[in-house]
Amino acid sequence: MVARLEGEKQSLEKILEEGAKQHAQEASELQTTTMEMMDAVELEKQKHNNTRMEALQRLAKLETTNADLARSLATAQKRLEVEINRVADLRRQIELEEAAHEANKEPETSAPKRKEKIIEE
């Protein structure tokens, strides 16, 4: 009977040992999986931060470009305004010169008519 109990004891110890080994293996796998997940999460955080930093850099660059374009537009608008005013001044000068030229022409065309009238009389 003692031998039988010894056999059962050894059998139970073997079962416990196998269970302990399986439990240790599962715990190790769980720990490995947990570490892999933590590494993956950390990698995703880094990717997110890198993407965020890239987006912020692009935004800053776009804001700078926008400010440069706004300055260029303002300069171009000012030049256009100056040019429009210059053209308007030139038109006024042309109109005045044309009016003066027409005024000078009238006496010349009137003068021969007066001479004709004087000659006829």
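Arginine 92 is partly exposed, with a relative accessible area of 47%. Here "partly exposed" lies between buried (under 20% relative accessible area) and exposed (over 50%), using a 1.4 Å probe and protein chains only. Arginine 92 pairs with aspartate 89 in a salt bridge, and their closest N and O atoms are 2.5 Å apart. A salt bridge means a side-chain nitrogen of Lys or Arg within 4 Å of a carboxyl oxygen of Asp or Glu. Aspartate 89 is partly exposed too, at 37% relative accessible area. Both aspartate 89 and arginine 92 sit in helix α1, 3 residues apart, about one turn of the helix.

This is a predicted model: local features need pLDDT of at least 70, side-chain atom pairs count only at pLDDT 80 or more, and totals for chains, interfaces and linings use all residues. Residues are numbered from 1 along each chain as its sequence is written, and side-chain values use heavy atoms, leaving out hydrogens and water.

**Overall build**

The protein has 1 helix and 0 strands. Helices (H or I, at least four residues) and strands (E, at least two) are DSSP runs, numbered from the N terminus. Helix α1 covers residues 2-120. Of the 121 residues of the protein, 0% count as buried. The accessible surface comes to about 11,700 Å², and 57% of that belongs to carbon and sulfur atoms. Such areas come from the Shrake-Rupley method with a 1.4 Å probe; for residues, only the protein chains shown count as cover.

**Salt bridges**

Side chains of opposite charge can pair when their charged atoms come close. The count here is 5 salt bridges.

Aspartate 68 and arginine 71 are separated by about one helical turn, because they are 3 residues apart in helix α1. Aspartate 68 is partly exposed, at 36% relative accessible area. Glutamate 83 and arginine 86 are also 3 residues apart in helix α1, so about one helical turn separates them. Arginine 86 is partly exposed, with a relative accessible area of 43%.

**Surface patches**

Patches are made of residues with over 30% relative accessible area and no salt bridge; like charges are joined within 9 Å, and nonpolar side chains (Val, Leu, Ile, Met, Phe, Trp, Tyr) within 5 Å. Met53, Leu56 and Leu59 make a nonpolar surface patch of about 270 Å². Leucine 59 lies in helix α1. Leucine 59 is partly exposed, with a relative accessible area of 42%.

A patch of negative charge gathers Glu95, Glu97, Glu98 and Glu102 on the surface. Asp and Glu count as negative, Lys and Arg as positive; His and the chain ends are not counted. The place of a charge is taken as NZ of Lys, CZ of Arg, CG of Asp or CD of Glu. Glutamate 95 is found in helix α1. Glutamate 95 counts as exposed, at 52% relative accessibility.
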